[in-house]
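Student: Could we go through this model together, one question at a time, with the criteria stated as they come up?

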Amino acid sequence: MGSPIRGIDGVVKAGATESGTYTEVAYIDSFELQLDNDENEITKLNAKSKEYTAGLGSGSVSMSGTLIWDDTYQQAIIKQFMKINNKGTLSAIDKTELYFKGYLKQGDAEGAGDELTSVSVDMKLVPTSFSVSMSSGSQHTFSYSGRVSGDVTYTIEDET
């Protein structure tokens, strides 16, 4: 039997600080992390070929899935792009960077009954784009893109 919500085996959590509490904000259908390094030319004078060394790293993230509605951090994501009118109280647009943890469960591909493991990708993101789709009687789906700010940590964990 399939999951009742698409992407339920992948969860995005958000927090205000790197070491603080993280709250689930969405189930993810897709998650893409693109990391790049600058290249610095270090070719010596009179060389016959160019030489390079790796420079500073940078990256971007794209994700999509189903929002977990009425959550403080989920609203913080929306406020990065638009105002929220909450029962007559209008919020300002707030470009604050958020810290994200993407948890993805790894399946038992060989059918050996092994315990599932999960991986988490931890990073701080600067928001670049956001879209949300809302229709009557269905869950709110979203897509979000951001620029990685600082280091990314990839962690392998036992499933709990």
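Tutor: Leaving out residues up to four places away in sequence, Gln-80 touches Ile-93, Asp-94, Lys-95, Thr-96, Glu-97, Leu-98, Pro-127 and Tyr-144, where contact means heavy atoms within 4.5 Å. This is a predicted model, in which local features need pLDDT of at least 70 and side-chain atom pairs count only at pLDDT 80 or more, while totals for chains, interfaces and linings use all residues. Residues are numbered from 1 along each chain as its sequence is written, and side-chain values use heavy atoms, with hydrogens and water left out.

Student: With which side chain does the side chain of Gln-80 make a polar contact?

Tutor: Gln-80 lies in the loop between α1 (72–79) and β4 (85–86); helices (H or I, at least four residues) and strands (E, at least two) are DSSP runs, numbered from the N terminus. A polar contact is a pair of N or O atoms within 3.5 Å, of which, within protein, one must be able to donate a hydrogen and the other to accept it, residues adjacent in sequence counting only if both atoms are side-chain atoms. At 2.8 Å, the side-chain partner of Gln-80 is Tyr-144.

Student: Is Gln-80 buried or exposed?

Tutor: Buried means under 20% relative accessible area, exposed over 50%, and partly exposed in between, with a 1.4 Å probe and protein chains only. Because its relative accessibility is 0%, Gln-80 counts as buried.

Student: Why are the buried residues of α1 placed on the same side of the helix?

Tutor: In α1, the buried residues are Tyr-73, Gln-74, Ile-77 and Ile-78. They lie on the same side of α1 because the arc that they cover around the axis, taken from the directions from the helix axis to the C-beta atoms, is only 150 degrees.

Student: How many bridges join β2 to strand β3?

Tutor: Two strands pair if DSSP finds at least two bridges between them. Strand β1 (residues 10–15) runs antiparallel to β2 (residues 23–41), with 4 bridges between them, and Lys-13 has Glu-24 as its bridge partner in β2. Strand β3 (residues 52–67) is also antiparallel to β2, and Leu-33 has Val-61 as its bridge partner in β3. The number of bridges that join β2 to β3 is 14.

Student: With which residue does Lys-50 form a salt bridge?

Tutor: A salt bridge is a side-chain nitrogen of Lys or Arg within 4 Å of a carboxyl oxygen of Asp or Glu, and the structure holds 2 of them. One joins Glu-51 to Lys-44, with the closest N and O atoms 3.9 Å apart. Lys-50 counts as exposed at 54% relative accessibility, and its closest N and O atoms are 3.9 Å apart in the salt bridge with Glu-41.
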